[in-house]
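Here is a friendly walk through one protein model, meant to be read with the structure open beside you. Please keep the viewer at hand as you go.

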Amino acid sequence: MGDDSISWPSHATSVLLAYLKDGEDGLSNVAEGIHQRAHDRPGEKFGKAEATYLPQSPVPPTMWKECCGRCRFWREGSPGEAGKCHVVGRKGDRFGGEHVHPSGWCKLWMPPKGEPAFAWLFEQLDPTGADLTRGEYRPHPREAADQQTIDEAVEEGRARESGSEAD
């Protein structure tokens, strides 16, 4: 690796800080910096070993949505061909050379354009699927069922009270 290598903690930190400071513009600046560094290299990309590329995400998808197919560097392949990454994968690399699997993962992952950084984490914390950035609120299905049960109990209580008053 050399002086130009990128560690995952420093990359994740720079993504988070750029997003917190400048939003989408900050993420675009980080992505542009990675793109320039990749294309200044021999072969014009980071090798899969440098990027710590794995052909399958090491964390279950219900916990972690970072994968190559959801990265801003991902480019879909032609019909019948594997996809590619703009910054990772050279012809001689293990795990398919310059081709990249959509369920793969590497430490240079960046959220797609228009998606907030670490949105997948907030989706895990808020299982309703609501987008808290836009101020949406969707009650959890359990809440709706609980409210229905409460409403039914109140109605039954009222019915009993009216029935006992009639006696």
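Leu16 lies in helix H1; helices here are DSSP runs of H or I with at least four residues, strands are runs of E with at least two, and both are numbered from the N terminus. Leu16 is partly exposed, with a relative accessible area of 36%. On this scale, buried means under 20% relative accessible area, exposed means over 50%, and partly exposed is in between, using a 1.4 Å probe and protein chains only. Together with Leu17 and Leu20, Leu16 makes a nonpolar surface patch of about 300 Å². Such a patch takes residues with over 30% relative accessible area and no salt bridge, with nonpolar side chains (Val, Leu, Ile, Met, Phe, Trp, Tyr) joined within 5 Å. The areas come from the Shrake-Rupley method with a 1.4 Å probe.

A word on the source: this is a predicted model, in which local features need pLDDT of at least 70 and side-chain atom pairs count only at pLDDT 80 or more, while totals for chains, interfaces and linings use all residues. Residues are numbered from 1 along each chain as its sequence is written, and side-chain values use heavy atoms, leaving out hydrogens and water.

Now to the inside. The largest nonpolar core has 24 residues, and Ile34, Phe46, Phe73, Val87, Val88, Leu108 and Met110 have the most contacts inside it. Helix H1 (8-22) and helix H2 (24-39) each supply at least two residues of this core, and H2 gives the most, with five residues. A nonpolar core is a set of buried Ala, Val, Leu, Ile, Met, Phe, Trp, Tyr and Cys residues joined through side-chain atoms within 4.5 Å.

Leaving aside neighbours within four places in sequence, Ala31 is in contact (heavy atoms within 4.5 Å) with Arg72, Phe73 and Met110. Ala31 and Met110 are 79 residues apart along the chain, yet their C-alpha atoms are separated by 7.2 Å.

Next comes the sheet. Its three strands form an open sheet in the order S1-S2-S3, with antiparallel pairing. The edge strands are S1 (74-75) and S3, each pairing on one side only. S1 and S2 are joined by two bridges; two strands pair if DSSP finds at least two bridges between them. Arg75 has Lys84 in S2 as its bridge partner.

The whole structure holds five salt bridges, each a side-chain nitrogen of Lys or Arg within 4 Å of a carboxyl oxygen of Asp or Glu. Among them are these:

| Salt bridge | N to O distance |
|---|---|
| Lys84 and Glu98 | 3.4 Å |
| Glu155 and Arg158 | 3.3 Å |
| Arg160 and Glu156 | 4.0 Å |

Lys84 is partly exposed at 31% relative accessible area, and Glu98 is partly exposed at 23%.

Helix H4 (residues 141-166) holds both Glu155 and Arg158, three residues apart, about one turn of the helix. Arg160 and Glu156 also both lie in helix H4, four residues apart, again about one turn. Glu155 is partly exposed at 47%, and Glu156 is partly exposed at 47%, whereas Arg160 is exposed at 58%.

How values were computed:
Patches are made of residues with over 30% relative accessible area and no salt bridge: like charges are joined within 9 Å, nonpolar side chains (Val, Leu, Ile, Met, Phe, Trp, Tyr) within 5 Å.
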